[in-house]
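I opened my notebook to look up a few residues and the places where nonpolar side chains gather. Here is what I wrote down.

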Amino acid sequence: QLYIDASDLRIRNDAEASIAAPWLTLGETNYDAPLNPVTEKPSFGQGYLTLSGQEVELTGNLRISGAAQTALVSQGSLLAHGARPTDVGKAAELPAVLSSNGDLSLISRVLYPGTLSNITIESTAPDGTVEIASNGQAVPKVLSAGGKLAVKAKQIEISGAISAPFGSVTLNGEDVHLASSAVVNVSGDNQLIPLGSIIGNDLDWLYSLNPQNSSASSTLIENT
């Protein structure tokens with residue numbers, strides 16, 4: 001497993017770079033990190049970057065600079081979530097942004113946010129493209145609930161799968177194209193998805209959609 005625990009990944013001198021590992025994790029995992037890629041935009045460049053693994057996981061904010069084209073390629077799924085607190089007294093994980101001032105291609109069996117994660121994938125280039133494509137493998141069901149995934153770019157191309165069970169998917173672009181092979185799914189696919197922890201008589205689950213309020217209890221979330 002290779003961890004790139006950083007919020008800023010730069011390609012210099014218009015280089016072509018490739019990073020590969022069986023399990024590749026990307027992004028700033030420091031819960032208290034001051035950098036916010038939403039306001040600090042990535043810089044432009046003419047480089048090429050390929051990040052690949054049997055599994056690829058976004059674990060926090062990641063700003064890619066100096067790359068005209070970036071590809072994240074997973075032989076399996078591509079899971080995205082934010083930085084998680086080490087202090088149990090703090091709120092839930094932070095939102096996460098994957099940002100580039102070039103084109104982005106995310107290739108996997110399925111792209112999905114973690115449970116209650118809030119993920120944005122964006123190209124800040126004036127004519128930027130974000131592509132969500134399939135690696136040719138069957139789309140799996142995912143054990144995740146309540147996540148949010150937003151894709152932002154002038155052009156958005158979807159030919160692969162995005163899944164956010166019981167959550168939301170937002171495609172924000174001037175030109176959004178869904179191919180016949182595209183799958184954008186917010187249903188539970190008739191799965192019983194656990195969210196939270198067992199309490200009381202072992203028949204109820206405790207969870208909260210508000211990190212500041214942990215008093216709400218509910219049974220298992222089930223798609224109808």
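**Entry: the model.** I am working from a predicted model.

**Entry: Asn 118.** I looked up Asn 118 and found it in strand 11, which covers residues 118–123. Next I listed its contacts, skipping neighbours within four places in sequence: Glu 93, Pro 95, Ala 96 and Lys 148. I also checked Ala 150, which is 32 residues apart from Asn 118 in sequence. In space, their C-alpha atoms are 8.2 Å apart.

**Entry: Asn 172.** This residue belongs to strand 16, residues 168–172. Asn 172 has a relative accessible area of 43%, so I put it down as partly exposed. Which residues does Asn 172 touch, not counting those up to four places away in sequence? I found Val 151, Lys 152, Ala 153 and Ile 156. From Asn 172 to Lys 154 I read 8.0 Å, C-alpha to C-alpha, with the two 18 residues apart in sequence.

**Entry: the cores.** The largest nonpolar core has 30 residues. Leu 26, Leu 98, Leu 106, Leu 111 and Ile 121 touch the most other members. Strand 4, residues 47–58, gives this core its largest share, four residues. I then picked out Leu 106. Leaving aside neighbours within four places in sequence, its contacts include Leu 72, Leu 78, Glu 131 and Ile 132. A second, separate core has five residues, among them Leu 79, Val 110, Tyr 112 and Val 142.

Terms used: Residues numbered from 1 in each chain as written. Predicted model: local features only at pLDDT ≥ 70, side-chain atom pairs only at ≥ 80, totals over all residues. Heavy atoms only, no water. Helix = DSSP H or I, 4+ residues; strand = E, 2+ residues; numbered from the N terminus. Contact = heavy atoms within 4.5 Å. Buried < 20%, exposed > 50% of the residue type's maximum accessible area, 1.4 Å probe, protein only. Core = buried A, V, L, I, M, F, W, Y, C linked by side-chain atoms within 4.5 Å.
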